[in-house]
Amino acid sequence: MAGTLANFPVDMSKLQKLTLDPSKPQLTPEQKAALKNNIQVMRDAIVLFTATGAARGVSGHTGGAYDTVPEVAMLLSIFNHSDNYVPVLFDEAGHRVATQYLVSAMEGHIPYEHLLHYREANSKLPGHPELGLTPGVKFSSGRLGHVWPWVNGIALANRDKTVFMLGSDGSQQEGNDAEAARLAVAQNLNVKLIIDDNDVTIAGHPSQYLKGYDLTKTLSGHGLKAVTVQGEDIDELWAGLCQVIAHDGPAAVVCKRKMAPGIADIEGSSHGHDVIPVKSALKYFESRGYSQDAIGNILNNIKPNAVPYLYIGSTKEVGANRVVFGEAVNLVLDKLSKEEAAKKVMVIDSDLEGSTGLKVIHQKHPEVFIPSGIMERGNFSAAAGFGFDKDKFGVFSTFSAFLEMVISEITMARLNFCNVLCHFSHSGVDEMADNTCHFGINSFFADNGLADTQSWLYFPADPAQMVAVIQRVFFDRGLRFVFSTRSKVPWILKEDGSRFYDENYEFIPGKDEVIAEGTDGWVVSYGDMLYRSWDAVLRVRKEGLNVGLINKPTLNLVDEQAIRKVGSSPFVLVVESLNQKTGLGSKFGTWLLERQLTPRYGYMGTNKEGCGGLSEQIPHQGLDPQSIILKIRQLAQ
């Protein structure tokens with residue numbers, strides 16, 4: 001059988017039961033041989049099943065989980081030795097979820113063959129571990145760099161045991177870890193960190209973009225005992241692990257190694273952070289002596305899963321708004337001299353320039369660009385501080401899910417009347433294989449000022465509107481938030497087939513836009529849900545329901561003319577991909593009632609944990625056009 005129906009070709013029966021006593025820092029030849037065997041078998045398995053993510057087009061992460069196998073194998077052997085340890089492989093880098101899934105299979109919770117469904121929709125193997133979803137998974141990692149403070153609590157609840165946490169040089173950049181280190185030292189917690197220091201993150205190498213960052217010095221400065229070892233030297237790694245276990249109090253082993261050691265095509269490269277390409281995986285297994293028929297039979301027979309649906313009211317052509325943001329900023333900067341741009345504008349990255357559109361700014365306008373690490377709070381505040389001068393403008397960008405991490409900093413910037421343009425990409429849930437912890441659905445948290453202050457939340461519906469928004473608001477003063485999705489979006493079309501946002505379009509902040517007039521009721525939408533809503537509206541109009549559509553690109557301001565227009569109709573339906581509890585739909589009904597407008601009212605948004613996969617997330621939330629049509633029919637009755 002082929003693809004995911006095939007038998008797991010890595011012989012997991014070769015794994016040897018091993019017990020290691022950390023009071024004995026020198027491995028016997030037999031122990032070393034067993035460790036090397038287990039490490040190789042586990043690494044082969046990780047390469048294989050993560051490569052299925054590349055084959056099915058859902059991406060993933062190979063290198064991080066592959067890197068940490070030696071320390072994982074040792075920790076599992078220590079757990080076999082004694083119950084003096086909390087037997088959980090806590091990991092602050094959730095993208096290394098392949099480790100958790102492999103151990104789940106090793107412990108018999110899921111069959112090895114199920115690993116071949118890595119990151120597939122509804123497989124219960126999403127891009128980050130989620131407690132209660134995947135059999136055998138013992139914790140939810142959440143977002144990068146959030147686990148250590150929580151593990152301190154585990155240690156406080158288990159004073160008589162040692163607690164381990166797998167770390168990374170990327171996750172340790174988060175400010176949470178500095179706070180966690182201070183508490184661990186102050187309370188002398190028995191927390192032991194094993195940190196993969198491979199000098200690779202998404203944007204490149206910390207040694208280049210974050211000069212001065214040294215894990216051993218940082219941890220030692222906080223008061224931890226820190227031991228540096230070569231992570232691929234089994235004897236040195238084991239001795240270092242034994243040393244920190246014997247230490248009374250918090251301690252860390254910093255494991256120096258290249259990213260993805262032994263995988264020719266991605267070793268030492270930032271590409272190793274991502275999922276291994278199928279061709280590279282086939283090459284790896286050929287070098288390992290595996291049957292190419294067996295491996296190829298799996299990887300070459302797994303294909304991306306498309307959800308076929310022909311949308312009406314929008315183009316077949318699609319564009320990436322998250323990339324267009326950077327291109328639009330360049331159009332603004334192109335009008336300035338290099339000297340003027342450098343004096344007036346600062347763009348700061350948080351290790352995501354390739355994902356949030358900043359890369360094109362870095363390439364074309366390096367004079368304004370500041371590469372930085374995984375430090376969202378500090379980087380946002382740096383952008384705000386640059387924009388403290390009324391004639392200077394900071395630009396900050398990261399994923400929408402991480403907006404929740406900078407709420408206090410947003411307040412600080414607002415209190416100081418700072419000029420910051422924020423781009424939060426990966427909004428909503430569409431194509432979010434990383435699943436629930438990476439949903440960017442609480443965007444209205446940014447509008448946390450009092451009624452006598454103003455922020456602006458913009459969510460353009462297509463690439464043309466994104467360009468228009470940026471050109472209009474770039475040099476506005478104050479806090480401006482622009483949202484885009486991970487997924488690409490089509491261009492919105494008028495009913496005559498021409499593009500709605502053409503060269504004559506001018507964006508006006510705060511103004512709602514009538515896509516189509518209606519008398520039987522209105523749908524209000526924005527962003528990635530506008531083209532889906534337009535499809536639904538056009539289909540019910542063909543059925544005889546004269547439903548109108550409003551695009552609300554400025555999310556948090558009431559357009560008095562527009563709200564009275566829609567509020568005077570029989571019904572209003574708000575459709576969005578943000579959190580149903582905190583999004584536009586949770587507010588729009590109140591705005592209607594405040595104006596004594598009482599149409600039948602409904603709202604649709606993200607309402608439950610994700611299903612993994614890509615295009616499957618929208619219908620999983622009940623936000624596909626057919627679900628919108630059903631809701632329209634219900635309200636129209």
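Buried means under 20% relative accessible area, exposed over 50% and partly exposed in between, with a 1.4 Å probe and protein chains only. The model is predicted, so local features need pLDDT of at least 70 and side-chain atom pairs count only at pLDDT 80 or more, while totals for chains, interfaces and linings use all residues. Residues are numbered from 1 along each chain as its sequence is written, and side-chain values use heavy atoms, with hydrogens and water left out.

View 1. The whole structure holds 0 disulfides (pairs of cysteine sulfur atoms within 2.5 Å).

**View 2. Tyrosine 85 and phenylalanine 164.** The whole structure contains 25 aromatic pairs, meaning rings of Phe, Tyr and Trp (its six-membered ring) with centres within 6.5 Å, where planes under 30 degrees apart count as stacked, over 60 as edge-to-face and the rest as tilted. The rings of tyrosine 85 and phenylalanine 164 have centres 5.7 Å apart and planes at 35 degrees, so this pair is tilted. Both tyrosine 85 and phenylalanine 164 are buried.

**View 3. Phenylalanine 90 and tryptophan 150.** This aromatic pair is edge-to-face, with 5.4 Å from centre to centre and 90 degrees between the planes. Phenylalanine 90 counts as buried at 4% relative accessibility, whereas tryptophan 150, at 41%, counts as partly exposed.
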